[in-house]
Each structure stands twice: as C-alpha cells, then as structure tokens.
Amino acid sequence: MKLTIFGTGYAGLVSGTCLAQVGHDVLCIDIDASKIDQLNNGEIPIYEPGLAELVERNVKAGRLRFSTNAVEWIKHGIAIFNAVGTPPDRENANKADLKYVQAVAETFGQNITEYKVFINKSTVPVGTGKMCEEIIKRAIYAREKDTEFDVASNPEFLREGTAVQDFLSPDRIVLGSSTARAKKILDEIYRPFERTHTQILHTDIPSAELIKYAANCFLATKISFINDIANFSELAGANITDIAAWLGMDPRIGRNFLSAGLGYGGSCLPKDVKALIETGKEYWYEFQVIGSADKVNEAQKKIAVQKLTHKLGSLSGKTISIWGLAFKPETDDVREAVSMTVIDDLLEGWVEQIRVFDPVAMESMKFFGNRSDKVIYCESNYETLEDSDALMLLTEWDEFFAPDWKSMKKSMRWNLILDGRNIWHKNIVEDYGFEYIMIGR
Ligand SMILES: NC(=O)c1ccc[n+]([C@@H]2O[C@H](COP(=O)([O-])OP(=O)(O)OC[C@H]3O[C@@H](n4cnc5c(N)ncnc54)[C@H](O)[C@@H]3O)[C@@H](O)[C@H]2O)c1
C-alpha cells in the first residue's frame, strides 16, 4: 500500500521504516530540511539500535523515500500518517502543543484531490481526531471541493531503545476509526503484523486516543509508586531493591517499571501525564492518582542534588562528575531527562564544574541542555572523574555496571558516589573506599 508519513522523528521514522519493511511503499515527509538531507545521504538523525540497517535496506529496495515536499507527496499515500511532535505548549507547559498536528491536518485538507484517510499516530489528547476532522473539512470547503476523507487514530507504543523491535513485533495495535472504509484501510496496513500474534484492537477514535494516555500514565504511576516506597524505605531501614524484586514476582503486579530511582523523564511520560491532567480540567475532572504520580516525580528529580548537598555540606566550588545524560539507556534523547534537572540544580548550588559523559547523548545535550560553560563534555566516563568531588550515576548504560573502581579512586579528589539507579552493590563500592549514596536502600 502507498503510505505517507508526516514527521521523521523517533516515532515517524521508525514507523515509516518498519511499515516499508513489511512491504508498504512509504514516503516520509519532514519540514526539517536538514533531517531529510541527512536521510537522503544515508545518515540517521537519531540513535536507535537496528534502525540504520533497516532504513538502508528499504531505501535500496525503493520502498522508503524522504522528502520535504508535502504538497506534492501527500498525493502518494491513500493513508496519511501524522507522526509530528506534540511537545509541551510554550504558554502552558502542562498542555500538549497541537500546532504541528493542526498544520498537518491543514496541509491534508488543502491538498487532497481524492479520498484519503488521515491517521493520528502522534500522542494527542482525546478529542483531537474531531478537531482534525473540522480543520480538514474547512480547508476542503475553502477550495470549494467536497473531497471525501476519514480521520482515524493509531497511537504508537514503541519505546526508544527498542523501537524497531517494538514496532515489528508489537503486543497490540490499537486502531480507532468511525467508518468501515477507514477500518478496512487500517486493517490492510497492519495485516502483515498478525503473523507475530499481535492483538489488533479496533475501537472508536476517542477510546484509541485515551488508551495511549492511560498506558503512559499507568507506567508513570508505577514508577512514582515505587519511588514513594523507596523514600520511605530509607527512613524505615528497608531495602527497596529486595522489596521491588519480591513485589514484582506477584503476577498481579509485574516487575517492569518497579525500579526505584530519580524519577521518570523522556519525551513521553512527563508530557503525557501533565497533558492528561490538563485535558481532565477541560471536563472539570481532577485526576487524583495521576496528579499524585506527577507530584512525586517532580520531587524525585530533585532528590539526587538534595542528597549530595546533604553529604557535602555545600556544593559551592565543587566539581561533580555525571555518568549518563539520556533519559534512559540506548537512546540519545535527553528531552525532560533527569540529567537536565540535576545539572540546573547543581549550577544553582554554585558548583565549580560539572564534568559529563554519555555514550550517545552528548550532542543532544549540547543542543537541548544548559549552555553554561561550567558543563564540560568529556571523552569518556573516566575522564569526568579528574579532580572530582562526587560522581552521580544518572543513566544505567550497560558499560557503567562494572567500572574500574581502583582507577576511579585515583582520579577523584573526594570519594563520594551517588548511584541514582541503584546499579552497584554497596559492599563492593564501599570496599573500594567510596562513600555510597543510593535510592531507597
Ligand atoms: N519518541 C517516542 O518514543 C514516542 C513513542 C510513542 C509515541 N510518540 C509520539 O509521537 C509523536 C512524535 O514524537 P517524536 O518523539 O517522534 O517527536 P520528534 O520531535 O522526534 O519528531 C517530530 C518530527 O516532526 C517534524 N514536523 C513538525 N511539523 C511537521 C510538519 N508540518 N510536517 C512534517 N514534519 C513535521 C519535526 O521536524 C520532527 O522531525 C509525539 O506525539 C510523541 O508523543 C513518541
């Protein structure tokens, strides 16, 4: 089938590539000409394991193309996916900014000349499908045409770091539509995924839109729940690692998202939690549980620097090393990463230097992060430690699990380690002569 995808970010590029991989003829559009140039030159603008190989293979096969020419290439697909960003609104950071989605709906309405279905893959507040339908209708009427179209919803559940695998073998595919014609097209697009025993769920558009928020808010709540228990564990002399392990063995609960740490970050959970709370307000509804999950998380992101300050007395004049900037391992995404909050808080405490390293997220941090010249980007995790007073582990990249403790000890000026993800063993770290701060242990 011929498909056009708007947005070649994490969601759009992975979706487009994987849809090409199962045989569809996919054209990806972005307004960012530099991204499209990179893609047309065989470069991948984001770090996502396995993606580069798949892009190369499908481009070679002629099933995957990239362009900035929306007006021309909207003609290509019978289905037009909208996978553009829905970041926090600049004027009200608790709301999703829908201007990019609206722009795509507008382009769709202004340019289609025959029936097509407009599919929202971006995470959009419930009611956005209806809003897109009205934008499209107005744009078609303005041209004095009566071209038929449908709007549908197909929220995306891929996780950065395992996005390709998640897209190719999903647990479920959610398809929201309101006409038999749209439903048939959605079915045809996703039929190739039935062979992986994926559950395909057809529903109405508002339910499809809300399922995505419900899923993300549930995961966020699980993380905040375990962090709440972790904070209390510290006071009560209990160990959150044991508690989470045993708790997770209960099949009613499950082990995933029960690792205590410094709170959730990233481009999805924080913004989706806040956006659902905000959408609730439009209906005079207050989300009590989700509101608390959000509050716990905001406080949790501050805990690392509070703990450090408590140990060091003052941060003024100190040199702090940071291992890990990405919001989680296996991605270069630093949007709303805990490292952002930590760096801002350290700078507020008048530290002398923050020496940082991340295996893949250094460039993203230089672009999105605090531009202070006190933030020093180092070549390796060990280089961050030179004359440092404390090390903060913020992202649990594989390569940080078994470090060379002896050489670390030699490089550091002082011997404090804050493990924000509880990846090391207390006895081992302390045997090497470090003072070790953990979360909930
Ligand atoms: N990142 C994830 O893991 C993930 C997972 C599931 C769902 N989502 C959702 O998918 C959506 C996109 O997220 P993302 O992380 O891919 O964002 P992103 O910021 O990485 O990418 C968005 C892309 O859309 C492009 N764009 C903006 N306006 C455009 C237009 N008019 N025409 C064409 N392209 C345009 C931007 O230039 C950018 O390249 C969001 O709603 C997000 O919540 C993301």
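Me: What makes you say that both faces of β10 are covered?

Reply: First, a word on the source: this is a predicted model, where local features need pLDDT of at least 70, side-chain atom pairs count only at pLDDT 80 or more, and totals for chains, interfaces and linings use all residues. Residues are numbered from 1 along each chain as its sequence is written. Now to β10: Q353, R355 and F357 lie on one side and I354 and V356 on the other, and all are buried. A residue is buried if 20 or more other C-beta atoms lie within 10 Å of its own, exposed if 12 or fewer, and partly exposed in between, with C-beta atoms placed from the backbone.

Me: Which strands make up the open sheet, and in what order?

Reply: Six strands form the sheet, with parallel pairing, in the order β11-β10-β9-β12-β13-β14. β11 (375-377) and β14 (435-437) are called edge strands because each pairs on one side only.

Me: Why are the buried residues of α2 said to line one face?

Reply: In α2 (residues 33-40), K35, I36 and L39 are buried. Seen down the axis of α2, its buried residues fall within an arc of 95 degrees (the arc of the directions from the helix axis to the C-beta atoms), so they line one face. An α-helix has 3.6 residues a turn, so residues three or four places apart point the same way. A33 and S34, on the other side of α2, are exposed. The cover over the buried residues includes β3 (64-67), where contact means that C-beta atoms, placed from the backbone, lie within 7 Å.

Me: What makes this a chain of two domains?

Reply: The bounds come from an automatic or database domain assignment, which gives domain 1 (2-203) and domain 2 (269-437). Their centres, taken over C-alpha atoms, are separated by 34 Å. The contact takes 14 residues from domain 1 and 14 residues from domain 2.

Technical notes:
Pairing = 2+ DSSP bridges. Helix = DSSP H or I, 4+ residues; strand = E, 2+ residues; numbered from the N terminus. Contact = placed C-beta atoms within 7 Å.
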